[in-house]
Structures are given as structure tokens and as C-alpha cells.
Amino acid sequence: MASNCLSSAAAFRFSSPYSSSPSPPAGSWSSSPPAPYPQPFQLRRIRRKAVDLPCRSRSFYSESRFRSTPRFAVNEASVLDSPPSSKLQDSNAELLASLKLKLFSAVSGLNRGLAATEEDLSKADDVAKRLEDLGGPVDLSADLDKLQGRWKLIYSSAFSSRTLGGSRPGPPTGRLLPITLGQVFQRIDTVSKDFDNIVELELGVPWPFPPVEVTATLAHKFELIGSSMVKITFEKTTVKASGNLSQLPPLEIPRIPDALRPPSNTGSGEFKVTYIDSGTRITRGDRDEVRVFVIS
């Protein structure tokens, strides 16, 4: 009977899984653990499932990944790459900074323009024009606060006339009058429309007295004409001694009546702001003088 069991088991093991042979008698399995007949067939089906299903899953996710990759690459490129307008703005900012340095270099050592020669005037005017062209038109009507603050004059082409009035009448510099020009400022208040020209002067006196230091404030009111033209109207002059005489009260010089004012001095003037940013301002006066200011 044992040999019959072995032969039956061998026949079962090598038979086709799709064979329709009847199952062996139940008693022939009593001496060994039961092995159900469908086991090889089920294992092969499970094996096919274990192979087929992951392949379909990998194919599905691979196709999804490849479909989404181009969209992700485009989005990433659009985020990481700088737009052309931003690159152009960066290039203009670098060129503006370079031109401002050239302008500061051109006017340095000229004593605000008092020591400028014709060559110096031409060089400074050329760099100023290039800076004005690159900066574009100025529109103060949209942002008048750009004028706000205390501005220091670093260059005026009008001072090359060797007078403190520039292209207008004023006291001469040199040996006729011992006047030394100090710092010059413009103090602008866009709320009250105050426009003050502040000039520091050193007046020579006979020896052995020390020079007298004074600060002259020429008070004006201003108004904006158009987008970049500024008109100022003179009101009064205040002179205040500094240094050893700072305890003296200020001296106020009223405005000369219009009837007594010479034709060349109308008490008002106009200038155009041709370039302005947070730290630099260029103006051109009604007599074509060029002035360069920096915020102080």
C-alpha cells in the first residue's frame, strides 16, 4: 500500500495541473501531511498575479510621472528664471550707479564749481546729460515727496563766473572782497512749500581779528509747474553769526519792494529737475546753469 501511495503521489506531482484525474483515496494520505490538489495551480496563479499587477502599477505610475514631468519643468523654469524686464532693470541700475560715480568724480576738487575750467564744465555737463537720459523724464506731480529733505550742493556750473550769485548778480569772490564760500544747502519742505537756500560764509576782517563765520538763509516759497519745473519766490534773508559770535541774535533783511528792485533781480526764479533719486538730484536753471545735489 505504501508503494501505491508513492506511485500515486509521483503521478500526481508530474501530471498536468489541468488534468481531470480523480483525487486519490482519502486513506492514502494518512501516512503524510495532506497536500491539497489545487496547490500547484494556485501557486502559479498567485505568481502570475504577483508579477503582472506590479508591472501594470509601474507602467501606470511611470506614465503619470512622465506626463507630469514636462509641466513641472516648465513651472520650475518660469519661477527660477528671471524675467527679461527684471534683468533690464538690474542692468539700468548698475549703469546709473556707474554714471553717478563718474559725475561725482568729474565735479570733485572743483570747489562747487568755483575752480572749474571750460573743460571741467564740458565734462561735467556731458556726464550729467547721460545720467538724465538714462534716468528718463522726471514726474514730481506723482511723487512730490522726492524733493523733501536737506540737499547739499556739490557742484554749480554758475559758480565758474566767480560770483556767489552764479549767473545772477552777486558778490564776487577773490581779493576784492575777502569772502570764502562754505557749504551750500537747500532745505525743502513739501508740506509748507518752504524752499530755503542756506549758505555758509566766512568774512575776512582786519588783523588781528579772526574771520567772522555767518550763515545766510534765503527763504523762498515754491510751487510745482507741470511735472518737473519748480518756481521759487523770494521772501526774506536771515543772517546768523556762528562760531565765537553765535550768541548774537540773527539779522533779518526784508525783501526789497518790487518797485525798487532792479530788472535783473525779479525775486523769483525757475529751475527744472532733470534727474532725481533717493540720494542725488540734478537741476537746470532758467539761465542754463547745472546744479548737482546730494541728500545730507
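1. Where pLDDT is low, the predicted coordinates should not be read in detail. The protein averages a pLDDT of 77, and 64% of the residues score at least 70.

2. On conventions: this is a predicted model, in which local features need pLDDT of at least 70 and side-chain atom pairs count only at pLDDT 80 or more, while totals for chains, interfaces and linings use all residues. Residues are numbered from 1 along each chain as its sequence is written, and side-chain values use heavy atoms, with hydrogens and water left out.

3. Strand 7 has two antiparallel pairings to check. Strands are DSSP runs of E, at least two residues, numbered from the N terminus, and two of them pair if DSSP finds at least two bridges between them. Strand 5 (residues 229–242) is joined to strand 7 by five bridges, antiparallel; Met-229 has Lys-272 as its bridge partner there. Strand 8 (residues 280–285) also pairs with strand 7 in the antiparallel sense over five bridges, with Val-273 opposite Thr-283. A hairpin of three residues connects strand 7 to strand 8.

4. Which residues touch the most other members of the largest nonpolar core? They are Leu-140, Leu-147, Leu-181, Phe-222, Val-230, Val-273 and Ile-276, out of 24 residues in that core. A nonpolar core is a set of buried Ala, Val, Leu, Ile, Met, Phe, Trp, Tyr and Cys residues joined through side-chain atoms within 4.5 Å; buried means under 20% relative accessible area (1.4 Å probe, protein chains only). Strand 1 (149–156), strand 2 (179–189), strand 3, strand 4 (212–225), strand 5 and strand 7 each supply at least two residues of this core. Strand 2 gives the largest share, four residues. A second, separate core of 18 residues includes Leu-103, Val-127, Val-290 and Val-294.

5. Beyond four places in sequence, the contacts of Val-230 include Leu-140, Leu-147, Phe-222, Phe-271 and Val-273.

6. The whole structure contains two aromatic pairs. Rings of Phe, Tyr and Trp (its six-membered ring) pair if their centres lie within 6.5 Å; planes under 30 degrees apart count as stacked, over 60 as edge-to-face and the rest as tilted. The centres of Phe-195 and Phe-271 are 5.7 Å apart and their planes are at 45°, so this pair is tilted. Phe-195 belongs to strand 3 (residues 194–203) and Phe-271 to strand 7 (residues 268–276), so the pair ties together parts 76 residues apart in sequence. Both residues, Phe-195 and Phe-271, are buried. Ring pairs also bring Phe-222 into a cluster with Phe-195 and Phe-271.

7. Two arginines sit over rings. The criterion is NZ of Lys or CZ of Arg within 6 Å of the ring centre and within 35 degrees of the ring normal. Arg-150 lies over the face of Phe-185, 4.0 Å from the ring centre, and the charged end of Arg-281 is over the ring of Phe-293, 4.3 Å from its centre.

8. Asp-196, in strand 3, is buried at a relative accessible area of 11%. Leaving out residues up to four places away in sequence, Asp-196 touches Phe-185, Gln-186, Arg-187, Thr-217, Leu-218, Ala-219 and His-220.

Key: Buried means under 20% relative accessible area, exposed over 50%, partly exposed in between (1.4 Å probe, protein chains only). pLDDT is the predictor's confidence in each residue, from 0 to 100. Contact means heavy atoms within 4.5 Å.
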